[in-house]
Amino acid sequence: MIPIKPENAKWTDDQWQAIWAKDQDILVAAAAGSGKTAVLVERMIQKVLTDNNPINIDELLVVTFTNASAAEMRSRVAEALERSLMEYPDSTHLKRQMSLINKASISTLHSFCLEVIRTYYYLIDIDPGFRIADDTEAELLKDEVLEELLEQKYGENDHEFVQLVEAVTNDRSDDALNQLIRKLYTFSRSHADPEKWLKKIVELHNVEKDYDINDHPLVDYLLFHIQLEIQGAIQLSKLSLEAANQPGGPYPRAENFQHDLLQLNELANAATWTELDEQLKTISFTRLKTCKGDEFDESLLEQTKKWRDQAKKMIDAVRENFFVRSPDRYLEDMRSMTGQLRVLIGLVQEFKLHFSKEKEERGLVDFADLEHYCLDILSVKSEHGSDELMPSEAAQHYQRKFKEVLVDEYQDTNMVQETILQLVKSGSEKDGNLFMVGDVKQSIYRFRLAEPNLFLRKYRTFSGQNSGFKIDLSQNFRSRPQILDATNFVFRQIMGEQVGEIAYNQEAELVKGAPYPEMDVPVRLTIIDQANPAAENEFAVEAMDERELDKSRLEARYMIKKIRQMVDEEMQIYDTKKNGYRTIEYRDIVILTRSMTWTPDIMEEFRFAGIPLYANISSGYFEATEVAIMISLLKIIDNPHQDIPLASVLRSPIVKCTEEQLGNIRTAASSGSYWDAVQAFTTAGGKLEDEELRSKLEWFIHSLSKWRTLARRGAMSDLVWQLYRDTQFYDFVGGTPGGKQRQANLRALYDRARQYESTSFRGLFRFLRFVERMRERGDDLGAARALSEQEDVVRLMTIHSSKGLEFPVVFLSGAARSFNEMDLRGRFHLDKEFGLAMPYVQPDKRVSYETLPQLAFKEKKRLENLAEEMRVLYVAMTRAKEQIHLIATVADAKKTIDRWQTSINHSDWLLPEFTRKAAKSYLDWIGPSLVRHHASTSIQREEPQKKLHDASKWDIQLVAAQDIDVIEQEDLVQDDYLSFVKKHQPVPVKSDEYETIVNRLTWTYPYEQATKRRSKQSVSDIKRMNEVRDERSAFDFAGRPSKKMFDRPKFMQSATITPTEKGTIMHTVMQHVPLHEPPELKSIQLLLEELVRKELLTKEQSGAVNQQQIVDFFRSEIGMRMLKAKKVKREIPFTYAASAFDLGISANRQDPLDNVIVQGVVDCLFEDDKGLVLLDYKTDRITDRFEGGMDQARSVMKKRYSIQLSLYKLALEKILLQPIDETVLYFFDGGAVLPIRE
């Protein structure tokens, strides 16, 4: 039972249901901005916190799309648990959850698969110490395996293999076969049973001789496409007939149009391939009747002729593309290909075995392996012999462990991932524990082999009765209602099940949920018209030719103008979190593009305009000059017989050859490689003026020999860095413009060499392949950026990158750019359901023909691509919170808008399938939709028979390209400034921040002297600093460093004891002498034995003590006073802060912050009737160093120790708040007493 929602709950009814529904598989279709992540997290929290049978957090399996999402979910759950624990601090259940949160299974599916493999590795016979291969490393390994496999096959000289090679490759290379095997392998791995999918490829083509083409499963896809084309031709013929019957229309041609309609309707009624084939042979278009005179409207004459010509072209295209070859010929071609396809599938299977063996030997696993190894662990084949996979014991363990399996972004899962989820979940759909959240309208990762149809199937079948339960979250808490209305208006017309894969019905529509104040903010469509209007004179024409701009720059300049206007006018945007308005910032604006191809142009325009722009670009690194030169150098180290890399290095700053010198080198050997010419030039005698060049080349040849040796013996990273040193190229680029960036690029190359060494590959040749693979895969490092994403900048990103994000203002740039159809133009097509389609190549004549599967795959793929593009557009339009600007640049706006008029009188909300299928850009969907809007009079050529009255508000603007101003740098006169630079004179301009910058650059630290002293010093340090002072001394660190005394090893102490060690031993004994009676030699000996027993002294150290000196001390006057004193403290450590001036190490009396912490240890402090006495005893040698004894030594010792004692006295007086009455030095050698007075 779902609990009753409290009145103050922040959740909508649908969200509340999604949080609490249970006891069956649940699919939550969460529209953009509907708070699906919050719902998912709340469901997890309530599962743990509920009073009714709560579960532990580690009994949930939560699968997310990215590691960042997993980390965010874990953080949110942890915060909720902490809040609950503060409310119920005695709850043992909550305390347990806090201890389990870091062990909870909240991760990507790959991470979960890795956990399963680490746990059950022994079930699949895999080395538990495996590591996950880097993508580039895996690609290099594939290269090697495939190269060896094909080499082996070429050696076998198999006839069918040779036929396959001839059919697939060209005369220059077999790269096409290489790529095809790789694609088939990768594509098959997205299926739970790759072998079964590969076998389907042969089955699809292996048809019997008497097979009826109409029974082939692919024919239905082709018939659907053909019927769409026929319906389009019928619609154009109807428009022509209606126009012919209008006043001024070409009514004599009505007969032609009626005849066309009759034939086209017969075509439309053809239900089979053969019927269409027969009827297309007989169809013909009659000659248009003549229409002359003033009674006929020229525009209607022209328009009807265009419509009829277009209809004829559509039918001719159908005939030429699909029915040039007979049905029997298509079937015969397919049968003829089965042998080649078997060989191809065999190659893929052999490649898989060899690749798996190589990975096993190297202890590697790639990401696809993670899923399949996990699948092998979790599944067993059905006992009934079917292909159905059943849960293994390991899977049953996880079924018992996980009380619920929650999946985020379910629309982006593939078949393997779906199979894994089905194995770890419990029950069937009607009583299961699988909770799925996603939005199929945002499934935009088909290129990563995601399968949105998994979501769609469940969405259509989950009814809540004998299946799972479906919940729609349609309320949008992100955007203003105007954006939601506009999105609904467009997608209600373009997204359908046949073209679009999804019905955009009432359940799918976005509903207002965010509390925005009422404001009229229309969605803006800007059409930039590049058509050149008739110029009044030739000078105007020339001016326009000069200002002809790329579409990217035109749109960039338009966006710059709008963004400046927003910022300058301090446009107010509403902050839903603060429930109030604030001024717009650059960070509130994003520019979305379908791809990053326009990025350099847009960035350059924004930089020139002075508007900060951030784009996460990943290109430009390998094109950098310094990187290209070093790659060329590495190439010729690997093989010097490569002309282009060699010429590149010789021309570069490394060798510094001129173009003329390069030509002279070539004359030394006109044939052979350029390397042969270099060697010939250095060995041949020549002109005197060639000596400089010959010297350069000799150095280069010698260096190249050394580098080649290093490449064979050492690590790649060592080689790269050695090249930087030997050529001094790293230092050279540092002195060029942009030097720091260039050096960073070279360091990145070194880092790539280090990364390469972490793989299982070695050697220069493979490293170059490694780099080439990175370039092919698009793993370009990208140049460093001057701005970071965290700053107040406009962001430029792809629509894919923006998924999951939101911005107050969105600019969708490139709405008129054509969709990428490169994959449709290829010779080979792959399909998840049917396998592979490729052309048939006649062996004898070497003539290639398109096959039936090829035609069908192409049209099926076209529909899938269009559906994906619709979803991408949906993602783009739902990123905006307050404003969205759709920008499209067209060659001729008039012609573009004229094409939209064919849909103006369409009666249904959903535009005709052929109109939607014919779209080449987003504008081809948006335009025909808007032309039917009740307020779109600016783009309507006629009054629509049925206007679509809708709440959406649109602002449609037509802007001529020549009206978009060139962006000028603000207040800069480049030419004037350049003249000052050329004269090496300062440029006479100062910014508003000039004074601030000067003050900052000339600022000095007011306490600089304090930085030259240690903030904590010992009394001995200060004593030494004062000893070396004179009138020229600086108040900084002492010139003579102190020697830190450590205890010597015992084997050294037994030999000789140093004077310093003797002093330490003596102080230790004096610290422990009992003071209740005057000590005698016997008592001193007993004390020493006690200290040895307690391990305070060694036996050797005790033997170094002069016991008589200690007895003499206590018989002296100062010793007797110490024995009789009221209080005695020995070895007193202290820490005291004093000003550097007072300590005599600073000349600045006024510095209040110039304090130094002083540390020291006082030997003895006692108090008797005469007051406090500070006593310090010394072991300095007196009698044998000074002939006059203590009388001669007195002045020396006093100078040496007076500073130390005065510091002791100062510190103790401040700490004890009592005056020290006497300060005395006692010297054991000679028993002399030396009073120290101020």
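Helices and strands here are DSSP runs, with at least four residues (H or I) for a helix and at least two (E) for a strand, numbered from the N terminus. The model you will be working on is predicted.

**Exercise 1. Methionine 390**

Task: Find the strand that holds methionine 390, and decide whether methionine 390 is buried, partly exposed or exposed.

Solution: Start with the secondary structure. Methionine 390 belongs to strand β7, which covers residues 389-391. Next, take the accessibility. Buried means under 20% relative accessible area and exposed means over 50%. Methionine 390 has 33%, so it counts as partly exposed. Then look at the surroundings. Setting aside residues up to four places away in sequence, methionine 390 touches Leu378, Ser379, Val380, Ser382 and Leu423.

**Exercise 2. The largest nonpolar core**

Task: Identify which residues touch the most other members of the largest nonpolar core.

Solution: This core has 101 residues, and the two that touch the most other members are Leu378 and Trp954. By element, the greatest contribution comes from helix α34 (residues 852-877), with nine residues. Another core lies apart from this one; it has 89 residues, including Leu180, Trp197, Phe355 and Ile654. Now zoom in on tryptophan 954. Its contacts, without residues up to four places away in sequence, are Ala486, Phe489, Val490, Pro522, Val523, Met877, Leu886, Leu930 and His933.

**Exercise 3. Asparagine 488**

Task: Is asparagine 488 buried or exposed, and which residues does it contact?

Solution: First place the residue: asparagine 488 sits in helix α19 (residues 481-494). Its relative accessibility is 3%, so asparagine 488 counts as buried. Beyond its neighbours within four places in sequence, asparagine 488 is in contact with Tyr504, Glu509 and Leu510.

**Exercise 4. A hairpin**

Task: Describe how strands β30 and β31 pair, and sort the residues of β31 by face.

Solution: Strand β30 (residues 1222-1227) runs antiparallel to β31, and four bridges join them. Within this pair, tyrosine 1226 stands opposite valine 1233 of β31. The hairpin has four residues between the strands, and glycine 1230 takes a positive phi near 100 degrees there. For the faces, recall that side chains in a regular strand alternate between the two faces of the sheet. In β31 (residues 1232-1235), Ala1232 and Leu1234 form the covered face, while Val1233 and Pro1235 form the uncovered one.

**Exercise 5. Cavities**

Task: How many cavities of 30 Å³ or more does a search of the whole structure find, and which residues line the largest cavity?

Solution: The search finds five cavities of 30 Å³ or more. The largest cavity holds about 50 Å³ of space. Its lining consists of Phe819, Asn820, Glu821, Leu824, Arg862, Asn865, Leu866 and Glu869. Helix α34 gives the most to this lining, with four residues.

Conventions
Residues numbered from 1 in each chain as written. Predicted model: local features only at pLDDT ≥ 70, side-chain atom pairs only at ≥ 80, totals over all residues. Heavy atoms only, no water. Core = buried A, V, L, I, M, F, W, Y, C linked by side-chain atoms within 4.5 Å. Buried < 20%, exposed > 50% of the residue type's maximum accessible area, 1.4 Å probe, protein only. Contact = heavy atoms within 4.5 Å. Pairing = 2+ DSSP bridges. 1 Å grid on protein atoms, 1.4 Å probe; cavity = no way out; pocket = protein on both sides within 12 Å on 5 of 7 lines; lining within 4 Å. Points joined across faces, edges and corners; volume = space filled by probe spheres on them.
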